[in-house]
Amino acid sequence: MKFRTIIEPFKIKSVESIHMSTEDERIKYLEAAHYNPFLLNSNQVIIDFLTDSGTSAMSNEQWAAMMRGDESYAGAQSWERFYNAIFDLTSYPFILPTHQGRAAERILYGHLGGEGKVFISNTHFDTTRANIEFSGATAYDIPIEESKNHDSNYSFKGNLDCDKLDTLITEHKSENIGAVILTVTNNSGGGQPVSMQNAKDVADICKKHNVLFILDCCRIAENSYFIKHREKGFENHTYKEIAQQMFALADGCVMSAKKDALVNMGGFLALNDEKLAEACTNLLIITEGFTTYGGLSGRDMEAIAVGLTEIFDKDYLYYRIKSTEYLGEKIREKGIPVMYPIGGHAVYINSAQLYDHIPLNQYPGQALVCELYRIGGVRCVEVGSVMFGKYDERGELIPAAMELVRLAIPRRVYTQSHVDYVIEVFDEIVKNKAQTKGYKIIKEPKLLRHFTAHFEKL
Ligand code: F0G
């Protein structure tokens, strides 16, 4: 590339205004939200980096396709277009439309799970783990060792540890393994990619033991970008071909279309095995809808069909990955400890390292999340002891493995100047670092407390 500026490969046709709040207003909003950004209204937020899920801007082509939505109960044309787009990409013949990713997880893992069953993954996403555990089964995360080293520049920190996989399957016996799930990219592990070689090795082990291999493919296009640019032998393949090769290694996939299908709602389950698909279809009809729409309306299926082609556009993927990297690299230059290398959909910050004066039971991640909002109106999420912490029998916090804060970037929504603004906000984070204090939880629900907990400033 001759020029350094990463220009957005699209023009803006429709805009959504942002309410430019003042810091005084935000201090009041934050207090009213009990220092939990999940409890803020979106119009109190300037830059919303809470999630990249369901927050994409749809293209004019997607909106045009939605007008073509065929809302027939059975055999709609929109279903045909949805089916063809997914079959073309995955080659899995049995496709079940669901309203979002976790519905596909509930159907598949609910069916495969149950007492005594075991699931193994590089890292199960929260809803994946929750659906597996809810069925009575056990979920094991076995990311490679390099994934735990924040500063390691290893290219594929999302990989699964294949030695451990082989041992775990042998230990638990093949017939008790519900599935092996490869999450690409590894969201809970920092948005890090999985290599094709790792997927091949996982596939070989699964074949050897006759165990089901499923891809959690919601960010597969972003993962393909990393393979093309980091893994030998893929330089001359298109991003779509790389994704197709990865799908060919697995027995099926679960997708939250809210990520790399560029839509605001939707998902699907796709499988090779007819018997398994039949069992899942029964559950689909009971809980989501008839086979040719599942949890979706015709127009949703149209938008997904178009989104699945747009996501592999080389100019889009270049902009997507480079702009995420730009944010991560720039704040790293300011001394912010970011997880390295920068992943595909988000920048992860090690808040315990940034605020090493705040004890873990005073939640350094929550402190950073609140500071980013107070200073710049930037909303993001703590992925640390607020989200994953537990208590021991004396009521003392058992901290999470890592104290991360995630800045997740919605697709095609923010421009370079929005990102430059966020980078400037970090100057103030650095300036205020020593004075930043921790938080205390004063009210929390039993499960998934990060969504609704109330905090008090210390
Ligand atoms: N798998 C992965 C890897 C995910 O990141 C998500 C959602 C899901 C499954 C569930 O999909 O939300 O459509 O039901 N991740 C969102 C996030 C919520 O913010 O990372 P869903």
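How far is an oxygen atom of the ligand from an N or O atom in the side chain of Arg102? The points below take up this matter and two others.

1. The model is predicted. In it, the side chain of Arg102 places an N or O atom 2.7 Å from an oxygen atom of the ligand.

2. For Ser256, an N or O atom of the side chain is 2.6 Å from a ligand oxygen atom. Arg219 also has a polar side-chain atom 3.0 Å from an oxygen atom of the ligand.

3. Helix H8 spans residues 220–230 and helix H9 spans residues 239–249; their axes come within 8 Å and cross at roughly 105°. Because angles of 65 to 115 degrees count as roughly perpendicular, H8 and H9 are described as roughly perpendicular to each other. On the H8 side, the contact is made by Ile220, Asn223, Ser224, Tyr225, Ile227, Lys228 and His229. On the H9 side, Tyr239, Ile242, Ala243, Met246 and Phe247 take part. Sorted by class, this contact has eight nonpolar, three polar and one charged residues.

4. Ser59 is found in the loop between strand S1 (47–48) and helix H2 (60–67). Its relative accessibility is 12%, so Ser59 counts as buried.

5. Leaving aside residues up to four places away in sequence, Ser59 touches Glu310 and Arg412. The side chains of Ser59 and Glu310 are joined by a polar contact of 2.6 Å. Ser59 and Gly307 are 248 residues apart along the chain, while their C-alpha atoms are separated by 8.3 Å.

Note on methods: Residues are numbered from 1 along each chain as its sequence is written. This is a predicted model: local features need pLDDT of at least 70, side-chain atom pairs count only at pLDDT 80 or more; totals for chains, interfaces and linings use all residues. Side-chain values use heavy atoms; hydrogens and water are left out. Axes are lines fitted to C-alpha atoms, for helices over the stretch in contact, and angles run from 0 to 180 degrees between N-to-C directions. Helices (H or I, at least four residues) and strands (E, at least two) are DSSP runs, numbered from the N terminus. Angles under 35 degrees count as roughly parallel, over 145 as roughly antiparallel, 65 to 115 as roughly perpendicular and the rest as oblique. Contact means heavy atoms within 4.5 Å. Ala, Val, Leu, Ile, Met, Phe, Trp, Tyr, Cys and Pro count as nonpolar, Asp, Glu, Lys and Arg as charged, and the others, Gly among them, as polar. Buried means under 20% relative accessible area, exposed over 50%, partly exposed in between (1.4 Å probe, protein chains only). A polar contact is a pair of N or O atoms within 3.5 Å; within protein, one must be able to donate a hydrogen and the other to accept it, and residues adjacent in sequence count only if both atoms are side-chain atoms.
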